[in-house]
Amino acid sequence: MSNLFYQSRQPRPFLDRGEGIYLYDVDGKRYIDGSSGAMVSNIGHSNARVLAAMRAQMDKATFGYRLHFRTEPSEALAAKTASLMPAGIDRVFFVSGGSEAVESATKLARQYAVTQGQHSRWKVISRYPAYHGCTLGALALTGYDPLTVPFAPMMREMPKIAAPTCYLDRDTLSDEDRGIRYAELLRAEIEAQGPETVLAFIMEPVGGASTGALVAPDSYYGRIREICDEYGVLLIYDEVMTGAGRTGKFLAAEHWGITPDIVALSKGFAAGYAPLGAMVARNDIVEAVLNAGGFQHGFTYAGNPLACAAGLAVIEEIEREDLTGNAARMGAVLKARLAGLMDRYPFIGDVRGKGLLLAFELVADRETMDPLPKALNAHSRLVDLAYERGLIIYSRRTRGGVEGDHFLVAPPLIITEPQIEELMAILTDALDVFAAEAGLAVAA
Ligand SMILES: Cc1ncc(COP(=O)(O)O)c(C=O)c1O
């Protein structure tokens with residue numbers, strides 16, 4: 001028995017080392033990191049320049065409490081981060097992870113509303129399904145039943161609207177009209193809640209773990225921004241998974257020219273080299289809160305110089321190697337290869353995503369999009385078959401965590417075309433075995 005425990009009993013081998021897109025266990029077995037861990041290791045493993053920058057910082061100081069000192073790495077990373085945001089979102093608050101970034105964003109929004117005399121605004125509307133983190137505040141915004149239901153009595157429940165799962169719709173609307181229809185759910189919810197009570201709306205611009213790289217029609221994004229403006233509701237983009245180049249732009253928001261009021265970042269921001277996240281907010285929001293006495297919030301490890309040195313070196317690497325561009329280029333190649341699997345496997349119902357945040361979903365019937373029988377446990381079985389063969393992919397239940405199976409394929413942004421072929425060969429092999437086991441037909 002190990003003293004260490006995780007969410008569930010899932011024995012995995014000991015990790016020895018990482019190199020580029022590969023991880024090696026202590027027995028020397030090699031794995032393609034086809035999900036960058038949990039969509040974290042965007043620049044690949046053991047990047048020499050990032051490690052050198054971290055060592056250099058370690059030789060100076062690994063910690064300096066933010067109330068006692070300013071540090072060069074945190075100032076430099078804040079300036080660099082601000083320069084990569086849409087104009088006007090330029091004030092950076094560091095945290096150590098995604099849940100903390102989301103909590104910070106909602107709390108800053110609330111304190112801002114109070115400074116504006118809008119004491120009645122406290123509700124943060126989110127989408128279902130959605131994943132925004134596991135601390136109780138972030139969990140109240142999360143829509144994924146297995147994670148939320150046990151804690152329901154302990155949380156202040158927040159209103160939800162349906163995520164724009166257009167690929168499941170069988171109406172006759174155009175994609176653009178569907179986008180508007182889903183966006184208008186926000187207006188209806190604000191009206192139902194009472195506009196004077198609604199503080200913010202939070203969304204993942206491209207869905208992550210809970211929806212499997214869900215992308216809304218283009219019309220959705222602009223309409224959501226308009227509705228937020230109309231009602232004075234702050235728009236928070238949770239870019240914890242999508243940020244730092246993953247979707248082919250530094251922020252996914254750039255695909256639609258949207259300027260959110262607050263952005264949450266983590267994961268690829270320090271790409272697994274240090275626990276780091278950030279909330280980036282509109283200057284006037286921050287100024288109002290600081291002028292009113294300060295942000296009543298903060299974490300001990302926030303902005304520590306070692307994590308910030310890592311984050312700065314990671315962003316420099318993303319820029320130096322044009323990894324955002326590579327995510328767009330290799331994402332197109334990988335998405336086409338995944339879509340090609342639909343010819344062979346009738347039980348792949350959808351392939352979606354942007355850049356190198358891609359996913360495929362398994363179904364019983366492509367016409368109805370009915371999920372596979374729950375008992376097949378496809379989401380865990382296919383992951384295990386791929387893992388045995390040396391490929392790591394990331395799966396979740398699609399429909400609010402209740403049923404359905406999707407698989408995120410999101411390798412490090414440094415991946416090359418030959419490496420995509422390597423990944424696809426293992427994935428195809430795993431799908432063949434899965435189909436045979438599950439008695440699912442495969443085309444010749
Ligand atoms: C969109 C999104 N928000 C927030 C989080 C929470 O991040 P963390 O696990 O670092 O707390 C995640 C993690 O998967 C995420 O994907």
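Visitor: Is Asp365 buried, partly exposed or exposed?
Guide: Partly exposed, because its relative accessibility is 32%. Keep in mind that this is a predicted model.

Visitor: Where does Asp365 sit in the chain?
Guide: In the loop between strand E12 (357-362) and helix H12 (378-388).

Visitor: What does Asp365 gather with on the surface?
Guide: With Glu367, Asp370 and Glu403. Together they make a patch of negative charge.

Visitor: And which residues make the nonpolar surface patch?
Guide: Leu136, Phe151 and Met154. The patch covers about 290 Å².

Visitor: Where is Leu136 found?
Guide: In helix H5, which spans residues 136-139. Leu136 counts as partly exposed because its relative accessibility is 38%.

Visitor: Let's zoom out. How many helices and strands are there?
Guide: The protein has 13 helices and 14 strands. Its radius of gyration is 22 Å, close to the 22 Å that the globule rule gives for 444 residues, so the protein is as compact as a globular protein of that length.

Visitor: What box do the C-alpha atoms fill?
Guide: Roughly 65 × 60 × 45 Å, taken along the principal axes. As for burial, 56% of the 444 residues count as buried.

Visitor: Now the backbone. Which residues does the cis peptide bond at Pro129 join?
Guide: Tyr128 and Pro129, with omega at about -5°. Pro129 lies in the loop between strand E5 (123-128) and H5.

Visitor: Why point that out?
Guide: Because most peptide bonds are trans. Most residues other than glycine also have a negative phi.

Visitor: What is the phi of Ser36?
Guide: About 50°, a positive value, although Ser36 is not a glycine. Ser36 lies in helix H1, residues 36-39.

Visitor: Is Ser36 buried or exposed?
Guide: Ser36 is buried, because its relative accessibility is 0%.

Visitor: What about the phi of Ser46?
Guide: Also positive, near 60°. Ser46 is in the loop between H1 and helix H2 (48-60). With a relative accessible area of 42%, Ser46 is partly exposed.

Visitor: On to charges. How many salt bridges are there?
Guide: The count comes to 32.

Visitor: Which residue does Glu184 pair with?
Guide: Arg223. The closest N and O atoms are 2.6 Å apart. Glu184 lies in helix H7 (residues 175-193) and Arg223 in helix H8 (residues 218-231), so the pair ties together parts that are 39 residues apart in sequence.

Visitor: How accessible are those two?
Guide: Glu184 is partly exposed at 21%. Arg223 is partly exposed too, at 24%.

Visitor: What does Asp261 form a salt bridge with?
Guide: With Arg225, at 3.0 Å between the closest N and O atoms. This pair links distant parts of the chain, 36 residues apart. Asp261 is in the loop between strand E8 (234-238) and strand E9 (262-265), while Arg225 is in helix H8.

Visitor: Are Asp261 and Arg225 buried or exposed?
Guide: Both are buried.

Visitor: Which residue meets Arg337 in a salt bridge?
Guide: Glu421, at 2.7 Å from N to O. Arg337 is in helix H11 (residues 323-344) and Glu421 in helix H13 (residues 417-438), so they tie together parts 84 residues apart in sequence. Arg337 is partly exposed at 31%, and Glu421 is partly exposed at 35%.

Visitor: Last one. Which residues are linked with Asp169 in a network?
Guide: Asp171, Asp175, Arg178 and Arg181. Salt bridges link them.

Conventions:
Residues are numbered from 1 along each chain as its sequence is written. This is a predicted model: local features need pLDDT of at least 70, side-chain atom pairs count only at pLDDT 80 or more; totals for chains, interfaces and linings use all residues. Side-chain values use heavy atoms; hydrogens and water are left out. Patches are made of residues with over 30% relative accessible area and no salt bridge: like charges are joined within 9 Å, nonpolar side chains (Val, Leu, Ile, Met, Phe, Trp, Tyr) within 5 Å. Accessible areas come from the Shrake-Rupley method with a 1.4 Å probe; for residues, only the protein chains shown count as cover. A salt bridge is a side-chain nitrogen of Lys or Arg within 4 Å of a carboxyl oxygen of Asp or Glu. Lys and Arg count as positive and Asp and Glu as negative; His and the chain ends are not counted. The place of a charge is taken as NZ of Lys, CZ of Arg, CG of Asp or CD of Glu. Helices (H or I, at least four residues) and strands (E, at least two) are DSSP runs, numbered from the N terminus. Buried means under 20% relative accessible area, exposed over 50%, partly exposed in between (1.4 Å probe, protein chains only). The radius of gyration is taken over C-alpha atoms; the globule rule is 2.2 Å times the number of residues to the power 0.38.
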